Amino acid sequence: MKTSPNACEYEKEIAAWPKPIHLAHPGGNVFVTLQLHPDYIEAKWYGHITSGDVVTASKVYLALLQTYPCPDKLLNDKTLVTGDWSEANDWLEFDWLPQVLYAGLHYLAHIYSNNMFSRLSARDLYLRITPRLQMQNFSNRDEALDWLLNLPPTVMEQTA
């Protein structure tokens, strides 16, 4: 197992991968679960989230990519969240994106929340990171998963 500078305080959870990782607020409420599926990783979000929550989860996801062989597809399901997390978008665009692309992420399917602030945050992120990362926003999980799983294999996957 390689080590990642992004492992930080979640080192034990990252070391236990592919066991699902549950990230929680100090009060104990889980705000995201990262789970490995055969062809993708799923980030399932819950409750009211902040920019700090998004940055934390993104660092843990990046550490997984930097530490283990992982699928190049991320299903980012924010169906069940509220909150404006747009302040994280500068960090996601300028710090996270170059690292996660280098680590192997190629496709991101984002499922919108019904919450207007969360939707606006996702739309802003989409405008910032495409076309460097192939990202699509969806209103339901089935459409997002269908898009994600029907993408052509990347060059790395074809040579593996």
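Three aromatic pairs are counted in this predicted model, where rings of Phe, Tyr and Trp (its six-membered ring) pair if their centres lie within 6.5 Å, and planes under 30 degrees apart count as stacked, over 60 as edge-to-face and the rest as tilted. One of them joins Tyr-61 and Trp-96, whose ring centres are 6.5 Å apart and whose planes stand at 45°, so this pair is tilted. Because Tyr-61 belongs to helix 2 and Trp-96 to helix 3 (residues 89-103), the pair ties together parts that are 35 residues apart in sequence. Helices (H or I, at least four residues) and strands (E, at least two) are DSSP runs, numbered from the N terminus. Tyr-61 and Trp-96 are both buried, a word that means under 20% relative accessible area, with exposed over 50% and partly exposed in between (1.4 Å probe, protein chains only).

Phe-138 and Trp-147 form another tilted pair, with ring centres 5.7 Å apart and planes at 45°. Phe-138 is buried at a relative accessible area of 13%, whereas Trp-147 is partly exposed at 21%.

Charged side chains also lie over rings, as the table lists; the rule asks that NZ of Lys or CZ of Arg be within 6 Å of the ring centre and within 35 degrees of the ring normal.

| Charged residue | Ring | Distance from ring centre |
|---|---|---|
| Lys-78 | Trp-85 | 3.4 Å |
| Arg-119 | Tyr-112 | 4.2 Å |

Residues are numbered from 1 along each chain as its sequence is written. Since the model is predicted, local features need pLDDT of at least 70 and side-chain atom pairs count only at pLDDT 80 or more, while totals for chains, interfaces and linings use all residues; side-chain values use heavy atoms, with hydrogens and water left out.

The sheet is open and mixed in its pairing, with six strands in the order 1-2-3-4-5-6, two strands being paired if DSSP finds at least two bridges between them. Strand 1 (21-24) and strand 6 (134-138) each have a single partner strand and stand at the edges, so one side of each is left without a neighbour in the sheet. Within the sheet, strand 2 (residues 30-36) and strand 3 (residues 41-48) pair in the antiparallel sense over five bridges, and Thr-33 stands opposite Lys-44 in strand 3. Strand 4 and strand 5, by contrast, pair in the parallel sense over five bridges, with Leu-75 opposite Ala-109 in strand 5.

How many of the five residues of strand 5 are buried? Five of the five are, so strand 5 is largely enclosed by the rest of the structure. Tyr-107, Ala-109 and Ile-111 point one way from this strand, and Leu-108 and His-110 point the other way.

Helix 3 and helix 4 have axes that come within 9 Å and cross at roughly 35°, the axes being lines fitted to C-alpha atoms, for helices over the stretch in contact, and angles running from 0 to 180 degrees between N-to-C directions. Among the residues that meet here are Asn-89, Leu-92 and Leu-97 in helix 3 and Ser-121, Leu-125 and Ile-129 in helix 4. Ser-121, placed in helix 4, is buried with a relative accessible area of 1%. Leaving aside its neighbours within four places in sequence, Ser-121 is in contact (heavy atoms within 4.5 Å) with Asp-84, Trp-85, Ser-86 and Asn-89.
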